[in-house]
Amino acid sequence: MTDLRSPTQNGPDTATGTSSPGAVRLRRAAIAVWALVVATLAGTRVMSFGFVPIMVVVVTGLAAASIGRRNPLLVVRDWLPFGLVLFAYESTRGTAAFLGMPTRWHLAVDADRWMFGVVPTVWLQEHLKHADPQWWEIITSVVYMSYFIVPYALAGWLWLRDRTAWKKFVTRFVALFFLGLVGYILVPAAPPWAAAQCTAEQVVGGPAFPPCITGTPENVPGGGVLGPMTPDDPAAKPFIERISSRGWDVLHIGPVRDVIEVGQERSNQVAAIPSLHAGLTGLLAMFMWRRVGPRGRILWVGYAAAMAFTLVYSAEHYVFDLILGWSLAALVMVGCAAVERRWARRTTRHGVDEGRDQADPVGATQAAGEPSVDRVG
């Protein structure tokens with residue numbers, strides 16, 4: 001029968017054990033083929049940066065890396081539920097439009113103006129955007145794309161190293177996405193780039209996908225819902241743009257930009273509240289805080305901060321969206337920890353009760369409600 005024990009319980013053929021020379025060669029060949037296929041799919045624009053394609057990449061990569069170390073079927077057993085949840089998430093994000101929930105076009109704009117006196121996205125693009133992408137947009141583009149790679153890479157690393165930590169991380173990951181989906185359904189909201197393409201008159205009543213959302217912000221009267229923008233660089237376009245991927249042009253890697261933009265076009269265009277980009281990177285920082293040293297903490301917190309700047313500057317999210325995403329991540333961390341502590345106490349108490357029952361069968365009988373000899377007498 002196939003042995004499907006956990007990676008830390010598979011005897012000598014584990015991640016920390018040794019493999020035969022033949023298994024090592026086969027594993028290396030499988031990883032090389034996997035890398036070649038992934039590079040080819042990405043380079044030919046066949047693969048987009050969505051949750052399902054990335055999950056397939058991670059699972060197949062882990063299966064290749066498991067050869068000679070543990071049963072590759074463990075990957076399917078452990079990751080299939082995770083993949084099904086993300087598939088359900090991808091498939092139901094249009095539920096708000098189906099249910100007729102009005103899209104919020106002004107909520108986050110008004111919240112940001114109330115907090116800062118200006119819309120931070122407008123202010124940042126006024127002061128930092130140029131006609132051509134600058135060096136810092138290489139960083140923002142890489143950071144934005146990393147959202148589709150880093151969480152899954154971390155999950156894969158944890159699965160190989162510490163399955164207990166992996167379970168905790170995946171539980172929090174799934175909880176965050178589930179609650180985020182609830183937010184998308186109950187409060188569908190347009191991001192800054194969409195608000196710049198539509199005027200207030202065009203979004204009266206809160207339509208989810210008005211014709212203007214597929215247009216361009218150029219020549220939109222008054223800068224659309226976001227209001228006017230006057231860039232410091234006279235050559236820069238005088239309107240808010242979605243610039244999360246144009247840094248790849250600096251590196252002359254057009255295919256990467258194309259793959260990202262294809263994924264953006266296929267995603268839910270009015271799923272801004274809460275920001276799962278901010279929420280997930282914040283969750284990573286919180287989850288890894290006690291698992292790394294001071295330098296690691298700086299790295300993870302810095303990553304979350306870099307993602308926040310990228311999202312606001314590139315017109316992907318408002319600051320209001322980020323705050324809600326971070327708050328949701330904190331709620332998930334606290335809630336999951338509380339459930340785990342309660343479950344651990346119940347498990348411990350159950351184990352103690354079983355031990356007591358085995359040591360004192362008469363007491364166990366009395367505890368079950370049967371009369372004792374003294375009471376009968």
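I looked up C212 to start with: at 11% relative accessibility it counts as buried (buried means under 20% relative accessible area, exposed over 50%, partly exposed in between, with a 1.4 Å probe and protein chains only). The model is predicted, so I note that local features need pLDDT of at least 70, side-chain atom pairs count only at pLDDT 80 or more, and totals for chains, interfaces and linings use all residues. Residues are numbered from 1 along each chain as its sequence is written, and side-chain values use heavy atoms, with hydrogens and water left out.

Next, the partner of C212. I found that C198 and C212 form a disulfide, with sulfur atoms 2.0 Å apart (a disulfide is a pair of cysteine sulfur atoms within 2.5 Å). Both cysteines sit in the loop between helix 10 (192-195) and helix 11 (254-266), so the pair ties together parts that are 14 residues apart in sequence. Helices here are DSSP runs (H or I, at least four residues), numbered from the N terminus. The link of C198 and C212 is right-handed, with 105° about the S-S bond. C198 is buried too, at a relative accessible area of 0%. A search of the whole structure gave me one disulfide.

Then I turned to helix packing. Helix 8 (residues 150-161) and helix 9 (residues 163-186) pack at about 150°, their axes 6 Å apart (axes are lines fitted to C-alpha atoms over the stretch in contact, and angles run from 0 to 180 degrees between N-to-C directions).

Notes. Helix = DSSP H or I, 4+ residues; strand = E, 2+ residues; numbered from the N terminus.
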